[in-house]
Amino acid sequence: MIKVYLVEDEIIMREGIRNNINWEKEGFEFAGEASDGELAYSLIQKVKPDILITDIRMPFMDGLELSRLVKQELPEIKIIILSGYDDFEYAQQGIEIGITKYLLKPIAGAKLLEEVKKVAQEIAKERQLKETLEYEHIENRKLARQKFFRRLVLDQNMASEILQVGKKLRMDLAANRYNILLFQIFAQNTDCTDSAQQQAVRDMEELAAGMPEVLLFELGIEGWAFILKETGETPLEDIVECVIQKLCKKIEAYANLEYFGGVGKAVARVSELNKCFEEASRAYAYRYLEKRNQIIYSSELVESINEKETKQAPLETGSSEIKKPDRKLVERFLKTGRKSEVSQFVEEYVKSFGTHVIQSFLFRQYVVMDMYFSARALLEELGYEASILAERCGDFQKMNVVFTTEESGKAYLRNVLETALDLRDAVSKKKYHSLLAEAKSYIEQHFDDENISLNSVAAYVNISPNHFSSIFSQEIGQTFVEYLTYVRMEKAKELLRTSSMKSAEIAFAVGYKDPHYFSYLFKKTQYCTPKEFRSQA
């Protein structure tokens with residue numbers, strides 16, 4: 001509710017404005033009153049009203065001086081001056097101070113209310129624009145950080161270049177040692193609300209924001225990545241443990257949420273973060289192999305495998321000691337895994353049995369058969385013919401070469417999983433095709449509405465904003481803000497080519513209430529100003 005504060009030295013006038021308008025009914029909060037500027041100033045600082053109505057001629061401190069002081073403290077406040085003096089000099093001073101309206105006394109209550117409502121509309125528009133700009137800024141910043149993280153861990157980079165780019169994104173990457181924690185939150189069941197997950201994410205962001213040794217990156221459907229830095233006397237290992245303990249405690253506070261994390265091996269150079277990421281990814285891949293609500297360290301994987309192989313006795317053909325593959329793990333990966341994770345999953349899945357066991361021809365055959373039939377079962381559930389996997393990957397029953405060596409078996413498994421995930425994703429794309437078509441159609445029809453947002457479009461297609469954001473980015477290849485900006489810029493270019501509308505008018509026509517922001521976005525996306533684009537056309 002918009003707060004209104006009144007300063008008027010004439011008591012009858014003051015009481016009339018206060019009592020003759022039903023402020024609450026009209027959607028306002030009457031936040032207080034004072035008889036002169038000096039008394040009002042300290043009270044206004046506490047109340048922080050949205051609109052100040054003040055007389056211009058008052059004892060001790062007049063309305064102009066009060067307005068000047070208030071504007072310094074509260075730049076966004078809207079000020080309405082009331083005066084019985086139709087004097088241009090007062091109006092001119094008011095303009096310099098930033099007065100919103102200059103009204104002459106006497107003024108009827110209905111007329112004053114009408115003017116206050118106009119000012120309230122301006123406030124609402126400014127707030128909406130501010131929210132939109134903040135949302136776009138946050139989305140663009142997240143995208144930039146995400147791209148930077150990918151570059152950081154997947155490419156070979158010079159340390160000086162990394163530090164320089166990080167500085168532009170307000171991230172200090174200088175440290176003695178580094179480690180990476182990959183982390184994901186899961187809902188235990190469909191009853192778990194999006195609000196719980198959103199709050200858990202906010203908890204993570206607050207945790208990272210409160211620790212200068214931690215940098216947090218959102219990775220979309222892949223979860224989150226924490227870069228953990230040793231910058232002072234506290235050992236990196238202690239920092240890692242501290243973050244993990246706090247993180248797990250926060251997520252465990254939500255009854256219907258689960259988590260899983262993978263930790264890499266510490267490196268001494270920022271240019272070696274790609275090696276650290278590889279190790280963290282190995283551990284992270286175990287979210288398909290192990291129970292949730294745990295953090296796996298890559299160093300522990302080597303130790304556990306070595307320990308397992310040390311204890312294993314020689315394997316005999318037909319031995320009843322062969323551990324059965326856990327089909328649930330494969331089914332989980334088939335339902336939630338990504339194609340880019342197939343090689344890692346197969347590698348760790350096979351390793352989990354121990355090198356000695358997988359060297360058995362019979363056991364390799366057993367593992368391949370089990371994974372093949374799991375994949376075929378999923379595809380049949382999705383409506384595919386039972387033969388499609390054999391047609392695309394080859395029938396393992398007629399391919400003895402599949403079992404010849406461990407590597408040939410793993411190669412066949414990778415092919416089976418990648419094919420199954422491609423077919424699974426094709427079904428998902430069909431499922432979401434109509435939904436995204438509706439969303440795009442809605443954007444095309446309402447791009448000129450300043451209030452259009454990811455939340456409003458998600459509500460229109462009847463799914464949660466988080467889910468919609470992930471689907472939209474994944475399938476369209478752009479974030480919601482990027483796509484909306486693209487649609488608006490295309491329409492703006494059309495108007496620049498085919499109409500004589502001014503740039504400010506075009507900005508309004510495509511959904512931007514601030515012409516300066518429109519010009520900024522146009523130049524950023526089209527590499528020229530609207531005026532230059534029109535002259536080229």
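Buried, here, means under 20% relative accessible area, exposed means over 50%, and partly exposed is in between (1.4 Å probe, protein chains only).

Some ground rules. This is a predicted model: local features need pLDDT of at least 70, side-chain atom pairs count only at pLDDT 80 or more, and totals for chains, interfaces and linings use all residues. Residues are numbered from 1 along each chain as its sequence is written, and side-chain values use heavy atoms, with hydrogens and water left out.

Now the salt bridges. The rule is a side-chain nitrogen of Lys or Arg within 4 Å of a carboxyl oxygen of Asp or Glu. That gives 29 salt bridges.

Take Lys105 and Glu8. Their closest N and O atoms are 3.1 Å apart. Lys105 sits in the loop between strand E5 (101-104) and helix H5 (109-154), and Glu8 in the loop between strand E1 (2-7) and helix H1 (11-20), so the pair ties together parts 97 residues apart in sequence. Helices (H or I, at least four residues) and strands (E, at least two) are DSSP runs, numbered from the N terminus. Is Lys105 buried or exposed? Buried, at 18% relative accessibility. Glu8 is buried too, at 0%.

Next, Arg177 and Glu237. Their salt bridge is 2.8 Å, N to O. Arg177 is in strand E6 (residues 177-187) and Glu237 in helix H8 (residues 236-252), so parts 60 residues apart in sequence are tied together. Arg177 is partly exposed at 24%. Glu237 is also partly exposed, at 42%.

Last, a network. Salt bridges link Lys101, Lys111, Glu114, Glu115 and Lys118.
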